[in-house]
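Trainee: I would like to go through this model and ask what stands behind each term.
Mentor: Go ahead.

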Amino acid sequence: MHLQLQALPFQTLQQLPCSFNFPPRQHKDVTIKGSHSRRPSVSVKSLPRRVFLQLMGFSPISLCIYPLFAAPMQDMNEPEVIRTLKLSSGVRIQEIIEGEGRQARDGDYVQVNYVCRRSNGYFVHSTVDQFSGESSPVTLPLDENQIIKGLKDVLTGMKVGGKRRALIPPSVGYINENLKPIPDEFGPRRSLLSHAKEPLIFEVQLLKIL
C-alpha cells in the first residue's frame with residue numbers, strides 16, 4: 001500500500017501545537033545484580049522524558065514561548081566624527097582645536113607653526129623638527145598676494161591656540177614661487193616646490209596675532 005503525503009494548508013499549520021505529546025512510557029525495572037555480591041539487588045526506575053525535562057527546568061511549553069535565551073543588545077555609541085568644512089575655493093578644513101580670544105582677520109600678521117604633507121601623507125616640510133621637537137615659527141601676513149590663498153583662507157577666523165588641518169588644491173596653492181610659507185634652505189624649498197602642482201595638506205597652529 002502506497003502512502004500519499006499531502007501538504008497541509010498554512011491555517012492548519014498554525015493550529016498545530018508547539019510541543020509534541022509523547023505516548024506514556026512504561027516504567028521498567030532494571031535490576032543490577034552482582035554475581036559474587038552478597039548485597040541485595042537495587043531496582044532503578046527510569047523517568048519519562050517529560051518529567052526529566054521539568055526537573056531540569058525545561059518544558060516543551062517554555063521552549064515554545066521562549067525560543068531564544070539571549071542577553072539584551074547593548075546600545076552602540078556613534079563614533080566621534082570631525083566635521084569637514086568645504087570652501088568655495090575647494091579648500092577642505094577640519095577644526096581640531098578651536099582656540100581662545102579674538103579671531104584673526106584679513107590684513108593681520110600671525111605667527112604660526114605648520115606641517116606640510118602630500119595628499120598621500122608623505123612629509124614635505126615643517127617648522128617643527130621631527131626629531132628634536134624644536135620649532136621655528138614663521139610670521140605670515142593674511143594677504144593672498146603674499147601667502148598662498150588656500151592657507152590664508154584657513155588662518156582667517158582662527159583664534160590663538162587653535163589648530164586646523166586643511167587640504168589645499170594647487171589652484172589656491174603655490175601658483176608662483178614667491179608666495180609664503182616657503183623654507184629658505186635649498187633642499188626643503190626644492191622639495192616643497194616639486195609638489196606644488198598637487199594637493200597639499202597643511203596642519204597649522206596659530207600662536208599669536210600680531
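Trainee: How many bridges join β10 to strand β11, and in which sense do they run?
Mentor: Six bridges join β10 to β11 (residues 200–209), and the two run antiparallel. Helices (H or I, at least four residues) and strands (E, at least two) are DSSP runs, numbered from the N terminus. Two strands pair if DSSP finds at least two bridges between them, so with six bridges β10 and β11 count as paired. Within that pairing, Arg 164 stands opposite Val 204 in β11.

Trainee: What should I keep in mind about the source?
Mentor: This is a predicted model, where local features need pLDDT of at least 70, side-chain atom pairs count only at pLDDT 80 or more, and totals for chains, interfaces and linings use all residues. Residues are numbered from 1 along each chain as its sequence is written, and side-chain values use heavy atoms, with hydrogens and water left out.

Trainee: Which other strand pairs with β10?
Mentor: Strand β4 (residues 92–97) pairs with β10 in the antiparallel sense over five bridges. Ile 93 stands opposite Ala 166 there.

Trainee: What makes the side chains of β10 alternate in burial?
Mentor: In a regular strand the side chains alternate between the two faces of the sheet. In β10 (residues 163–168), Arg 164, Ala 166 and Ile 168 point to one face and are buried, that is, under 20% relative accessible area with a 1.4 Å probe and protein chains only (exposed is over 50%, partly exposed in between).

Trainee: Why is the pair of Tyr 114 and Phe 202 called tilted?
Mentor: Rings of Phe, Tyr and Trp (its six-membered ring) pair if their centres lie within 6.5 Å; planes under 30 degrees apart count as stacked, over 60 as edge-to-face and the rest as tilted. By this rule the count comes to one aromatic pair. Its ring centres, in Tyr 114 and Phe 202, are 5.7 Å apart and the planes are at 40°, so the pair is tilted. Tyr 114 lies in β6 (residues 109–118) and Phe 202 in β11, so the pair ties together parts that are 88 residues apart in sequence. Both Tyr 114 and Phe 202 are buried. Nine bridges join β6 to β11, which run antiparallel, and Val 110 has Ile 209 as its bridge partner in β11.

Trainee: How do you know what counts as a cavity?
Mentor: On a 1 Å grid over the protein atoms alone, a cavity is a set of points where a 1.4 Å probe fits but cannot get out; a pocket is an open set with protein on both sides within 12 Å along at least five of seven lines, and lining residues have an atom within 4 Å of a point. The structure holds one cavity of 30 Å³ or more. About 40 Å³ of space lies in the largest cavity, and its lining includes Ile 168 and Phe 202.

Trainee: What is the volume of the largest pocket, and which residues lie nearest its centre?
Mentor: The largest pocket has a volume of about 310 Å³, a volume being the space filled by probe spheres set on the points, which are joined across faces, edges and corners. Of its 19 lining residues, Tyr 114, His 125, Val 138, Ile 182 and Pro 183 lie nearest the centre.
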